[in-house]
Amino acid sequence: MRVVIVGGGPGGYEAALVAADLGAEVTVVNDEGLGGHCVLWDCVPSKTLLTSAQAFNTLETAPSLGVHFEGMPGQQVPRYEVDLPTIMRRVRDLALAQSEDITKRVLAAGVRLVLGRGRVVGPNAVEVRPSGDGGGRGPERLEGDAILLATGSDPRRMDTAPTDGEVILSSQDVYRLRQVPEHLVVVGAGATGAEYATAFLRFGARVTFVVSRDRILPTQDEDAALVIEDVFERRGLETIKNARAAKVERVGDRGVVHLEDGRTVEGSHVLLTIGQVPQTTGLGLEEMGIQTHDHGAIVVDGVSRTSVPSIYAAGDVTSKLMLASVAAGQGRTAMWHLLGQAVAPLRWDAVSATIFTDPQIATVGLSEQRAAETGIEVEVDTLPLAGNARAKMSNRPDGFVKLLARPGSGTIAGGAVVASYASDLIAPISAACFNRLTASQLSQAFQTYPSFAGSIQECARRLAVRVQGSYRY
Ligand SMILES: Cc1cc2nc3c(=O)[nH]c(=O)nc-3n(C[C@H](O)[C@H](O)[C@H](O)COP(=O)(O)OP(=O)(O)OC[C@H]3O[C@@H](n4cnc5c(N)ncnc54)[C@H](O)[C@@H]3O)c2cc1C
């Protein structure tokens, strides 16, 4: 089998590794370094940036733990300097190093890499236009028994809000900043906006959030969003709610957001985080008759196959759930299916994700809101972290553990954790949800004492008693 993969993000490179492992001859066409937007622009850079912001947690809590810094008697937070050029250099270096590691792995697996932009020109053919001047290379035609499209997504743009990379920024422009903005106006209150707001608030910027609904993170667990709103407020973030941006313009060296209701918000910088759109420009979908949704995403079935049987699609370009783990899962599933392996459709009911605010919000499976909307019966238990010994010692009491179980069986259907390292703490709940363990089974697995994870065990125990009558079976 020859497989041609267009796009080298997690959807593409993870598929390439699986296909090569199963003996296929694999070519990956990508227009930038391997790892795609995920590694070069989105997940890895934003989380590296946030790691620098996390240093402030230590500074903030140190005095209350009895550790003082010289020259700052009595100060809650010591005087500090944020060296943004160094932070941004670290972000870039780390992203490039990660991309290089992935490239080594993929090359070691025997995959051929072609740098350029791919376009589908037949059910079994891709034409590649080399990037840049291509070193004198002309377009190359690649033939494959199957094609996988994993071209990802780009930041959504507004015609009335043209970004200039200096004052009006997209999420990818953030990394050009060399000074902490004096006043950053963030338009769009989803995960990306909340993460950048977290970082720049910590770096000392004044941050204003322009939110189209009545709360930030409108698609997230409401209790979780409220914790983050509260933390943001305590740290001085200003939120303008029920406010839709109609236009954003640069006036001199400042950015002005014009709201639909006539109000304006001005800042030294404006960051647009209004979502992502599937990247399908020039991909040849129409000519090939590959079916797309109204919003442009490629339609796929349960094994990631498009309406053309020899062509699969994975990741953000399918707009299912825009997450690196989902992209990788779809890519692997596509290759298992193509190469004759037993394959089960992705478990959409057990996907876990994290918003790396501070504290973080990690969720898995069914949410309380979704259960209410769809009429799925669930029992819910929520345990605040404030009573957790480890949280008290660390002086990090904000957050909670929430578990959802099906009545009768007690099977864990979902959960949410709001805590400093929620991205890691969600792991046992994710495993329970995926493997359909009961609240009682989850509660019986040992957890370290004292630990934040102890709250998961305690919450599971309370839920098991309520739903199953006891936590002992
Ligand atoms: C700011 C931000 C932070 C995020 N953080 C997280 C996170 O922490 N965790 C998480 O799970 N998800 C996160 N996401 C989402 C995550 O980045 C995406 O879900 C993931 O990158 C999707 O992977 P992919 O393989 O579909 O596409 P991508 O990673 O976008 O890779 C696609 C690649 O294909 C290339 N390409 C496009 N068209 C062509 C073509 N015609 N020919 C050749 N190459 C082409 C693109 O340039 C790109 O390199 C974040 C997103 C954003 C915007």
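Modeller: Start with a helix pair. The crossing of α1 and α8 is right-handed. Keep in mind that this model is predicted.

Biologist: Which residues of α1 and α8 make the contact?

Modeller: From α1 come Pro10, Gly11, Glu14, Ala15, Val18 and Ala19. From α8 come Ala324, Ala327, Ala328, Gly331, Arg332, Met335 and Trp336. By class, that gives nine nonpolar, two polar and two charged residues. An α-helix has 3.6 residues a turn, so residues three or four places apart point the same way.

Biologist: At what angle do the axes of α1 and α8 cross?

Modeller: Roughly 35 degrees, and the axes come within 7 Å. Here α1 covers residues 10-21 and α8 covers residues 324-338.

Biologist: Stay with α8. Is Threonine 333 buried or exposed?

Modeller: Threonine 333, found in helix α8, is buried with a relative accessible area of 3%. Leaving aside residues up to four places away in sequence, Threonine 333 touches Gly302, Val303, Val343, Ala344 and Leu346.

Biologist: Where is the kink in α11 centred?

Modeller: On proline 428, with a kink of about 35 degrees.

Biologist: Which residues of α11 are buried, and what do they pack against?

Modeller: The buried residues are Ala422, Leu425, Ile426, Ile429, Ser430, Ala432 and Cys433. They pack against the strands β18 (352-355), β19 (360-365), β21 (400-405) and β22 (412-419). They also pack against the helices α12 (439-444) and α13 (453-468).

Biologist: Now the backbone. What is the general rule?

Modeller: Most residues other than glycine have a negative phi, and most peptide bonds are trans. Look for departures from that. Arginine 436, which follows α11, has a positive phi near 50 degrees.

Biologist: Which residues does a cis peptide bond join?

Modeller: One joins aspartate 358 and proline 359, with omega about 5 degrees. Proline 359 lies in the loop between β18 and β19. The bond from tyrosine 449 to proline 450 is also cis, with omega near -5 degrees. Proline 450 sits in the loop between α12 and α13.

Biologist: Where is leucine 217 placed?

Modeller: In the loop between β10 (206-210) and α6 (222-234). Leucine 217 is buried, with a relative accessible area of 1%.

Biologist: And asparagine 242: buried or exposed?

Modeller: Asparagine 242 counts as exposed because its relative accessible area is 51%, and the cut-off for exposed is over 50%. Asparagine 242 is in the loop between β11 (238-240) and β12 (245-251). Phi there is near 50 degrees, a positive value.

Biologist: Last, a side chain in a loop. Why does leucine 385 count as buried?

Modeller: Because its relative accessibility is 1%, and buried means under 20%. Leucine 385 lies in the loop between β20 (379-384) and α10 (389-394).

Biologist: Which residues does leucine 385 touch?

Modeller: Not counting residues up to four places away in sequence, they are Ala391, Pro397, Asp398, Gly399, Phe400, Val401, Val418, Ala419, Phe452 and Ser455. For a distance, take arginine 462, 77 residues apart from leucine 385 along the chain. Their C-alpha atoms are separated by 15 Å.

Note on methods
Residues are numbered from 1 along each chain as its sequence is written. This is a predicted model: local features need pLDDT of at least 70, side-chain atom pairs count only at pLDDT 80 or more; totals for chains, interfaces and linings use all residues. Side-chain values use heavy atoms; hydrogens and water are left out. Axes are lines fitted to C-alpha atoms, for helices over the stretch in contact, and angles run from 0 to 180 degrees between N-to-C directions. Helices (H or I, at least four residues) and strands (E, at least two) are DSSP runs, numbered from the N terminus. A crossing is left-handed if the near helix is turned anticlockwise from the far one by less than a right angle, and right-handed if clockwise. Contact means heavy atoms within 4.5 Å. Ala, Val, Leu, Ile, Met, Phe, Trp, Tyr, Cys and Pro count as nonpolar, Asp, Glu, Lys and Arg as charged, and the others, Gly among them, as polar. The bend at a residue is the angle between axes fitted to the seven residues ending there and the seven starting there. Buried means under 20% relative accessible area, exposed over 50%, partly exposed in between (1.4 Å probe, protein chains only).
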